[in-house]
Amino acid sequence: MKKIWLLLLLMSPSLWAVSQKIEVNGMVCAFCAQGIEKSLNNIATTKDVYVNLDEGFVILESQSEGVAEDKIKKIIVDAGYDVTQISLIAETAEHIRKQYEKK
Amino acid sequence: MKVIFLILLLFTHTLIAQPISYKGSVNSMTDVGKRFASIESNYAYDAKNAVGVKFFHMDNNDRQRDGFEVNHLHRLYRSNQKHSQMNIWLFGGLGYLEGSNERAGGDQNISTAFVSPALQWDYETKRVFLLASHQFIRGDSINHDTTKLKAGFSFYETSYDETQPWLILDVMNINGINSRPEVTPMLRLINKALYLEGGVSNMGNPRLHVMYTF
């Protein structure tokens, strides 16, 4: 039984994914924020991107390991916005998406 | 000219309200009305600069203009705050236009090179939008300086994936084309990929602005 649990855990996609919460200043409209979503989706390791206009943050979920902060900052600045903070979080982008959809 | 407009539309990757989007993007903007119609595309070679082309048509029944320009757009200043964004843009173009004056009294055809330096300021939150711009359009014996003012509000805030409705009051004056400023209340709908703006001006002219991100 323990072996089955271990096998299931190892096969769980969330175990191999890392989510980063990027707090962004100036992100006020969906039309403009698309640039951020598109650019982050262009990173080869990106699994999912969630944009929250209301709270002004983006969740970047990547396979295996997080993206270097300098790289994220450059992408956001090239899209025309400013990064105020980047932090690692335990939840997946989908989990955060569902949290805010319920509100 | 119509074929070129169509080709530009077909090859447009991104259509947005702001003059420049993110680095590497191709943006197009259209404005269709009875007195003025334009379409332009630009390529952002970095986060603050873009090069582009623009076609426009002006018509007030007596005077008609068809123009083409190559331009450069520069984001002079941007202030990103938690709930707002403010920009100052500097544009400049070199172009060529041709047209006719006072057709009722006999055609007087004109053709001239022109320059079109412009300055734009805009401020936006999730509920408020303000814009002011002035563009000099000067050539041999022509002056079509264009002033635009826009102010509006959103009816409510929306999430990233929802459609957001806005009411925008658009005031535009083109020297030598408008006898007085044309005021157009416009309903604007923004979805993640679709941007639709339409209204009827105080002169009874319908105006439509449709944009889509491919």
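This is a predicted model: local features need pLDDT of at least 70, side-chain atom pairs count only at pLDDT 80 or more; totals for chains, interfaces and linings use all residues.

Colleague: OK, what is the strand order in the open sheet of chain A?

Modeller: The order is β2-β3-β1-β4, four strands with antiparallel pairing. Strands here are DSSP runs of E with at least two residues, helices are runs of H or I with at least four, and both are numbered from the N terminus; two strands pair if DSSP finds at least two bridges between them.

Colleague: And which are the edge strands?

Modeller: They are β2 (46-52) and β4 (82-89) of chain A, each of which pairs on one side only. Neighbouring strands of the sheet are turned by 20° against each other on average, direction ignored, where axes are lines fitted to C-alpha atoms, for helices over the stretch in contact, and angles run from 0 to 180 degrees between N-to-C directions.

Colleague: How do β2(A) and β3(A) pair?

Modeller: They pair in the antiparallel sense over six bridges, with β3 covering residues 57-63, and they form a hairpin with four residues between them. A:Asp48 stands opposite A:Glu61, A:Asn52 has A:Phe57 as its bridge partner, and A:Gly56 in the turn has a positive phi of about 70°.

Colleague: Which helices lie across those strands?

Modeller: Helix α3 (residues 69-78) of chain A lies across β1 (17-25), β3 and β4 of that chain, running at about 140° to β4(A). Helix α4 (residues 93-102) of chain A lies across β1, β2 and β3, and its angle to β2(A) is about 25°.

Colleague: Switching to α2(A), how many of its residues are buried?

Modeller: Nine of its twelve residues are buried, so α2(A) is largely enclosed by the rest of the structure. A residue counts as buried if 20 or more other C-beta atoms lie within 10 Å of its own, as exposed if 12 or fewer do, and as partly exposed in between, with C-beta atoms placed from the backbone. Among the buried ones are A:Phe31, A:Cys32, A:Gln34 and A:Ser39.

Colleague: What covers them?

Modeller: The cover includes β2, β3 and α3 of chain A together with β13 (164-174), β14 (182-190) and β15 (194-200) of chain B.

Colleague: What span should that helix have?

Modeller: At 1.5 Å a residue, the twelve residues of α2(A) should span 16 Å, and the end C-alpha atoms are 16 Å apart, which agrees; the expected span is 1.5 Å times one less than the number of residues.

Colleague: How many residues of chain A are in contact with chain B?

Modeller: There are 22 residues of chain A in contact with 26 residues of chain B, contact meaning that the C-beta atoms, placed from the backbone, lie within 7 Å. On the chain A side, the largest share, seven residues, comes from α2(A), and the elements giving two or more residues are α2 (30-41), β2 and α3.

Colleague: Which residues have the most contacts inside the largest nonpolar core?

Modeller: They are A:Ala33, A:Ile36, A:Val58 and A:Ile76, in a core of 35 residues. A nonpolar core is a set of buried Ala, Val, Leu, Ile, Met, Phe, Trp, Tyr and Cys residues joined through C-beta atoms within 7 Å. α2(A) gives the most to this core, with six residues. Leaving aside neighbours within four places in sequence, A:Ala33 is in contact with A:Met27, A:Val51, A:Leu53 and B:Tyr160.

Colleague: Last topic, chain B: how many helices and strands are there?

Modeller: Chain B has one helix and 16 strands, and buried residues make up 34% of its 214 residues. Strands β3 (residues 36-44) and β4 (residues 49-59) of chain B run antiparallel and are joined by nine bridges, with B:Ser41 opposite B:Val53. β4(B) also pairs with β5 (residues 64-80) of chain B in the antiparallel sense over eleven bridges, and there B:Lys54 stands opposite B:Glu69.

Technical notes:
Residues are numbered from 1 along each chain as its sequence is written. Chains are lettered from A and ligands numbered from 1 in the order in which they are written. Two residues are in contact if their C-beta atoms, placed from the backbone, lie within 7 Å.
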